[in-house]
Amino acid sequence: MKFFIDTANLSMIEEANALGILDGVTTNPSLMAKEGISGKENILNHYLKICNIVDGDVSAEVIGITYEEMIKEGEELAALHPQIVVKVPIIKDGIKAIKYFSQKGIRTNCTLIFSAGQALLAAKAGATYVSPFLGRLDDVSTDGLNLIEEIRTIFDNFGYETQILAASVRHSMHIINCAKIGADVVTCPLPPILSLLNHPLTDSGLEQFIKDSQKMK
């Protein structure tokens, strides 16, 4: 399973990359705004900075919601760097744009997926990734993991190569359950990834090893 970090914060990306397990980055306009990045030129330059840190895919989201706007923005983003994956919302014009990009060899990440039907349409159109929003479904008392299971079954039934990118991942058990279900990718902030390291028996065992090693000096 691939690990992506969901942020536009360069320090967080560098820290995650230093672990040696980072496969890519996902961003969106909200994350850019959180870092105080605004204006077209600044946003494009920020994507380049991210691409220079990591070796894997970097999802860059279009702002427009019409077919023409998405095509124009997506082509510009894709031309920016080979690692860029164009992030497109699951709307009618978005599906049309994904089909266009697929035919042009431009990779896409279909975002804001909340149903198996949406994921199926995106895969049919040729999306590279689909992003079901696990945590946001949990927030409205809906089983987000069940959606990922449904998508996994459908994609396996018909051999779709579209990768399931579990988004809105909130904690370590989300990551573990996504791995058990068969999500291809999880994207989340750095803390849930780091929390996978934690276990009280590891802490107590290490403490004992240190104490015993001091007796050997």
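Colleague: What does the side chain of N109 make a polar contact with?

Modeller: In this predicted model, the partner is the side chain of S131, at 2.7 Å. N109 itself belongs to strand β5, which covers residues 108-113.

Colleague: Is N109 buried or exposed there?

Modeller: N109 is buried, with a relative accessible area of 0%.

Colleague: And C110, where does that lie?

Modeller: C110 is likewise placed in strand β5, and C110 is buried, its relative accessible area being 0%. Its C-alpha atom is 10.0 Å from that of T162, a residue 52 positions away along the chain.

Colleague: What about the phi of S168?

Modeller: S168 has a positive phi of about 55 degrees, and S168 is not a glycine either. S168 sits in the loop between β7 (residues 163-166) and α9. With a relative accessibility of 15%, S168 counts as buried.

Colleague: Let us change topic. How many salt bridges does a search of the whole structure find?

Modeller: The search finds 8 salt bridges. R152, D156 and D184 are linked in a network of such bridges.

Colleague: Start with D156 and R152, then. How far apart are they in the helix?

Modeller: D156 and R152 are 4 residues apart in helix α8 (residues 144-158), which is about one turn of the helix. Their side chains meet in a salt bridge with an N to O distance of 3.2 Å.

Colleague: Which of the two ends counts as exposed?

Modeller: D156 counts as exposed, at 51% relative accessibility. R152 counts as buried, because its relative accessibility of 13% falls under the 20% limit for that class.

Colleague: Which residue forms a salt bridge with K96?

Modeller: K96 forms its bridge with D93, and the closest N and O atoms are 3.9 Å apart. That distance counts because the limit for a salt bridge is 4 Å.

Colleague: Where do K96 and D93 stand relative to each other in the helix?

Modeller: Both are in helix α5 (residues 92-104), and because they are 3 residues apart, about one helical turn separates K96 and D93. K96 is partly exposed, with a relative accessible area of 45%.

Colleague: What about a nonpolar patch on the surface?

Modeller: M173, I176 and L196 form one, with about 240 Å² of accessible area together. M173 belongs to helix α9 and counts as partly exposed, at 45% relative accessibility.

Colleague: One more local contact, please. What lies 3.0 Å from the backbone nitrogen of N9?

Modeller: A polar atom of the T7 side chain lies at that distance from the N9 backbone nitrogen. T7 is placed in the loop between β1 (2-6) and α1 (10-18), and T7 is buried, with a relative accessible area of 10%.

Colleague: To finish, how many helices and strands are there in the protein chain?

Modeller: The protein chain has 11 helices and 8 strands. Of its 217 residues, 45% are buried. The C-alpha trace spans about 70 × 40 × 30 Å along its principal axes.

Methods
Residues are numbered from 1 along each chain as its sequence is written. This is a predicted model: local features need pLDDT of at least 70, side-chain atom pairs count only at pLDDT 80 or more; totals for chains, interfaces and linings use all residues. Side-chain values use heavy atoms; hydrogens and water are left out. Helices (H or I, at least four residues) and strands (E, at least two) are DSSP runs, numbered from the N terminus. Buried means under 20% relative accessible area, exposed over 50%, partly exposed in between (1.4 Å probe, protein chains only). A polar contact is a pair of N or O atoms within 3.5 Å; within protein, one must be able to donate a hydrogen and the other to accept it, and residues adjacent in sequence count only if both atoms are side-chain atoms. Patches are made of residues with over 30% relative accessible area and no salt bridge: like charges are joined within 9 Å, nonpolar side chains (Val, Leu, Ile, Met, Phe, Trp, Tyr) within 5 Å. Accessible areas come from the Shrake-Rupley method with a 1.4 Å probe; for residues, only the protein chains shown count as cover.
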